[in-house]
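Dear colleague,

Please find the structure below.

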Amino acid sequence: APGFRLGSRMAATDLSDAAIDLESSRSAARDAILSALDARPGRKALVMDPLFAPTLTSLCTMSELTEHGVDGLYQLEGGTVETECDEIVFVVKPRPCLMAALNETVRGVIADNELDRAEHRERYGDDPRVWDPRIDPEHHDPDVPPPPRVPNMTVCFTPSSTDACEAELRKLRIHDLLIRAECPVDLVPVERDVFRVDCDDAWRDLTLRGDVSSLTQCARALHALQRRCGWATVVKGKGVAAKEIAESMERMRRECFASDPALNPNLFPGDGHVSDGYESSGDEENIERDVRGRRRRRAHPGVEDPPPPASPSIDVLLLIDRDVDPVTPLCTQLTYEGFIDEAIGIVNGAVDVTNDDGVTQKARLNSNDLMFRELRDLNFGRACDALKEKSSSMQREYNDIKGGKVENQTVGEIGGFVKKLGTKQGLELHSNLAKRW
């Protein structure tokens, strides 16, 4: 499990003027990660699914992780974890293909511990009285450390575990070696009008494997969004999967109303039924009982559910199944943002940019970049023309000032040019991107 450093969090999109309250969703996702870390005591090594690393980068800084006990960061790619921490936390997406790497890492940690214990026995002997004063204080030697022990290892699935992953862990015989938990990062806002739910293999799972876990994940995410923004007045959809998501959301909504009548006292005035459909996965701390003693699972383990919204801010929720239109993703994108994605690849709102010196840096592409906001939906040809015009305009203004015509300009005009110089970095970024074609 190779280590890596987490840089400072790149500027996240300003969501203050979003049509619905997406900032609370982003805060809930960050709180879910930090709560999952706080669930394990002391210092810990954090081993992440490589596909989850960009999400973590967009939500948390290294200083925040350090405050919550993270001593080192690693990517889950097999091998072992070289750490002196007593706790190792694996944060992974529910991908069965990743369980082999998890198995290799767990076995590697155990094998390293056996070697360390063998070295301890060779150096200090087998008598536990030497290092444990509780056995025999007279034989205790304070200079002899206790033998190293196997760290507690926790696998934290985000947003939740699946039967396929649990079965794979049992098949690999590491199910009982791991403490299992969940990190409910259901949705992560990336723009004022866009949030993502990480279901990378949803199409393949639904079409080839008949695995509907991605539908459940989408339903949970939309349910959590409505818990914060109010229940959608109208839900419409097209396609088989859209219908299943809508039905799952309705079931979750009714269970939510039944378990907490304060959310909708007019619909269920205390006579509702709490479903026992949630199966226990051994994490009894996530199970609570209502006033009648019936069992129910908290919507977000470790994270407090938000209070009921005063009024709904979503009028219509429209669900469109990709099965209705499988052709569109195969078409070449012709917008400026689309061409960047086609040629370079935009991953979690970030792109790798190589300058003229051959140095590659990661840049965040979102609405905080005023130039990108203006260019992103333009046809690529028109976007390039707009970049040339902006560059030429700035060069002309610079030549006017350099040519000694500054005395003919007002203070406001000079100040306006100085402010434009602040956009020079953005102009260089998008000029480098445009040079890729």
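Predicted model: local features only at pLDDT ≥ 70, side-chain atom pairs only at ≥ 80, totals over all residues.

**Aromatic pairs**

The count comes to three aromatic pairs, where rings of Phe, Tyr and Trp (its six-membered ring) pair if their centres lie within 6.5 Å, and planes under 30 degrees apart count as stacked, over 60 as edge-to-face and the rest as tilted. The pair of Tyr336 and Phe372 is tilted, because the ring centres are 6.4 Å apart and the planes stand at 55°. Tyr336 belongs to helix H9 and Phe372 to helix H10 (residues 370–375), so this pair ties together parts 36 residues apart in sequence. Helices (H or I, at least four residues) and strands (E, at least two) are DSSP runs, numbered from the N terminus. Tyr336 and Phe380 are stacked, since their ring centres are 6.3 Å apart and their planes at 10°. Phe380 lies in helix H11 (residues 380–402), 44 residues from Tyr336. Tyr336 is buried at 0% relative accessibility, and Phe380 is buried at 12%; buried means under 20% relative accessible area, exposed over 50%, partly exposed in between (1.4 Å probe, protein chains only). Ring pairs join Tyr336, Phe339, Phe372 and Phe380 into a cluster.

**Strand S13**

Arg364 is found in strand S13 (residues 360–364) and is buried, at 19% relative accessibility. Its C-alpha atom is 6.0 Å from that of Gly349, 15 residues away along the chain.

**Basis of the model**

Residues are numbered from 1 along each chain as its sequence is written, and side-chain values use heavy atoms, with hydrogens and water left out. The chain averages a pLDDT of 77.

With kind regards

Notes:
pLDDT = per-residue confidence, 0-100.
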